[in-house]
Amino acid sequence: MGEHERELRTERLLLRPWREDDLEPWAAMNADPEIREHLGELLGRAESDATVALMRAEFAERGFGWWALESLETGEFLGRAGLDRVGDELPYGGVDVGWRLKRTAWGRGYATEAGRACLGFGFDVLGLEEIVASTTARNLRSQAVMRRLGLTRDPADDFEDPFAPEGPLRACVLYRIRREQPIAP
């Protein structure tokens with residue numbers, strides 16, 4: 001298996017390369033106002049498909065990125081989780097951990113389980129010294145996952161997203177975890 005095809009397994013989840021049959025459920029997620037509440041505008045099918053093409057290309061180039069998230073029990077597509085380089089236009093740098101799940105997968109601990117696997121990969125395989133996570137100040141569910149994983153927030157690191165329009169999506173929070181800190185079990 002090539003470096004870009006690496007999969008991660010947890011007790012309940014498979015983090016794997018994207019497949020063509022992921023495009024339709026991913027597009028449905030990107031067209032769901034509740035899922036996109038903290039992300040901005042809804043995406044049409046072509047825009048959604050383009051995000052998958054970009055995620056695949058970046059993963060192939062770097063050896064890490066966004067995995068498709070699948071239930072090991074049912075094989076159902078649940079969303080995505082992974083690690084991504086922070087863009088140069090943001091006021092912080094490094095590698096970001098994140099997740100996005102379809103609504104039927106919310107509240108089951110999948111984001112925490114996938115996030116833990118991604119942090120382990122980042123520290124143990126990639127040798128990162130620090131991993132960050134950010135979200136809007138109003139996204140309390142995602143912030144709770146960050147805290148469950150052992151990431152901590154310094155309000156001095158909070159920032160405004162330069163891509164967000166004026167309004168509730170602009171104010172963001174930043175969480176961090178260093179290699180020497182324990183990842184919450």
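## Glu70 and its strand

Glu70 stands opposite Phe77 in β4. Strand β3 spans residues 66-71 and contains Glu70. The model is predicted; local features need pLDDT of at least 70, side-chain atom pairs count only at pLDDT 80 or more, and totals for chains, interfaces and linings use all residues. Residues are numbered from 1 along each chain as its sequence is written, and side-chain values use heavy atoms, with hydrogens and water left out.

Strands here are DSSP E runs of at least two residues, and helices are H or I runs of at least four, both numbered from the N terminus. Glu70 is buried, at a relative accessible area of 10%. Buried means under 20% relative accessible area, exposed over 50%, partly exposed in between (1.4 Å probe, protein chains only). The Glu70 side chain makes a polar contact with the side chain of Arg19 at 3.4 Å. Such a contact is a pair of N or O atoms within 3.5 Å; within protein, one must be able to donate a hydrogen and the other to accept it, and residues adjacent in sequence count only if both atoms are side-chain atoms.

## Pairing of β3

β3 pairs with β2 in the antiparallel sense over 4 bridges. It is joined to β4, also antiparallel, by 5 bridges. Pairing requires at least two DSSP bridges between the strands. The β3-β4 hairpin has 5 residues between its strands, and Gly75 there takes a positive phi near 80°. In β3, 6 of the 6 residues are buried, so the strand is largely enclosed by the rest of the structure.

## Helix α2

Helix α2 covers residues 45-62. Its buried residues are Ser48, Val52, Met55 and Phe59. Ala46 and Glu61 are exposed on the face turned away from the buried side.

The buried residues of α2 pack against α1 (23-30), β3 and β4 (77-85). Contact here means heavy atoms within 4.5 Å. Gly63 follows α2 and has a positive phi near 85°.

## Nonpolar cores

The largest nonpolar core has 33 residues. A core is a set of buried Ala, Val, Leu, Ile, Met, Phe, Trp, Tyr and Cys residues joined through side-chain atoms within 4.5 Å. Its largest share, 8 residues, comes from α3. Apart from this core lies another, of 10 residues, among them Trp18, Val52, Met55 and Phe77.

Notes:
Expected span 1.5 Å × (residues − 1).
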